Amino acid sequence: MVALCAATPIVAQSIQPSPVLTLDQDRVYAASAFGKRVQEDLQKQSADLSQENRKIEAALEEEERRLTVEREGMSAEEFQKLAVDFDERVTGIRRAQAAKTESIRRQAEAERVRFFEAAFPVLLELVEETGAVAILNNSAVIFSVRQIDITDAAIERIDAAIGASPRPVDPGPLPLPRPNPEGAETIDDTDDSSTDN
C-alpha cells in the first residue's frame, strides 16, 4: 500500500461547490509523478528487452548458419537430432521472451490499479470538500463547465500525497478494487484505452 501524507489545500485551481465533479482519468494518471515514473520504468524495461531479443535472435541465426555448414559432414540422423534440439530450444527461448513481454504488460496494469487505490482518499476528500455526490470520468460527459473539472487539482494533491511512489520489490497480485463507501460513487479505473505500453 502506498503511504499517504496529509493532503494540501488546492492552490492551482478554484473548484466551486457542485453535486457532480468531472475528471480526466487518463490525464490524472499520465501527468502525475507516479504515472510518469511508471512510464519511464516500462520504457526502460521494454528497451532492455528489445535489446536482449535482438542479441538472442542474432545468436540463434549464427547457430543456424553453423549447423547448415556442419551438415555436410554429418549423417542424416545426426543432423536431424541436432535440428530437432535447435528447434526445441528456439521455441523455449521465444516462449520465455514472450512471457517477459507479458510480465511488463501486467506490471503496467498493476501499477495503474495501485495508483488509483492510493489516489482514492485524495479524490474522496475533494468530493467531501465540494459537497459533491459523484466524480464522473469526463469522457462520459457531453458538456460541463470548467469549474467542476478537478483534474488539475487532483494531480496536484495526488503528487503531494504519494509522489512517484517507486514500485515495490515484490508487488504481489493485483489489488482488489476498493468497495464503495456507503452512499458514495467512485470512478471506474479499469478503462485504460491508452495502454498499449
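In the predicted model, the largest nonpolar core comprises 26 residues, of which L23, V28, F115, I135, A154, I158 and I162 touch the most other members. Two or more residues are given to this core by each of β1, α1, α2, α3 and α4, and the largest share, ten residues, comes from α3. A second, separate core holds six residues, among them F79, A83, F86 and V90.

The buried residues of α4 are T151, A153, A154, I155, R157, I158, A161 and I162; their cover includes β1 (20-23), α1 (25-31), α2 (33-70) and α3 (76-130). Leaving aside residues up to four places away in sequence, I158 is in contact with V28, F115, A119, V122 and G163. G163 follows α4 and has a positive phi, near 60°.

Five aromatic pairs were found in a search of the whole structure. In one of them, Y29 and F34 are tilted, at 6.4 Å centre to centre with 45° between the planes; both residues are buried. The ring centres of F34 and F115 are separated by 5.3 Å and their planes meet at 55°, so this pair is likewise tilted. It joins distant parts of the chain, with F34 in helix α2 and F115 in helix α3, 81 residues apart. F34 and F115 are buried, and together with Y29 and F116 they form one aromatic cluster.

Charged groups also lie over aromatic rings. The charged end of R37 is positioned over the ring of F34, 5.0 Å from its centre, while R71 lies over the face of F79 at 4.4 Å from the ring centre.

Methods:
Residues numbered from 1 in each chain as written. Predicted model: local features only at pLDDT ≥ 70, side-chain atom pairs only at ≥ 80, totals over all residues. Heavy atoms only, no water. Buried < 20%, exposed > 50% of the residue type's maximum accessible area, 1.4 Å probe, protein only. Helix = DSSP H or I, 4+ residues; strand = E, 2+ residues; numbered from the N terminus. Contact = heavy atoms within 4.5 Å. Core = buried A, V, L, I, M, F, W, Y, C linked by side-chain atoms within 4.5 Å. Phe/Tyr/Trp six-rings, centres within 6.5 Å; stacked < 30°, edge-to-face > 60°. Lys NZ or Arg CZ within 6 Å of the ring centre and 35° of its normal.
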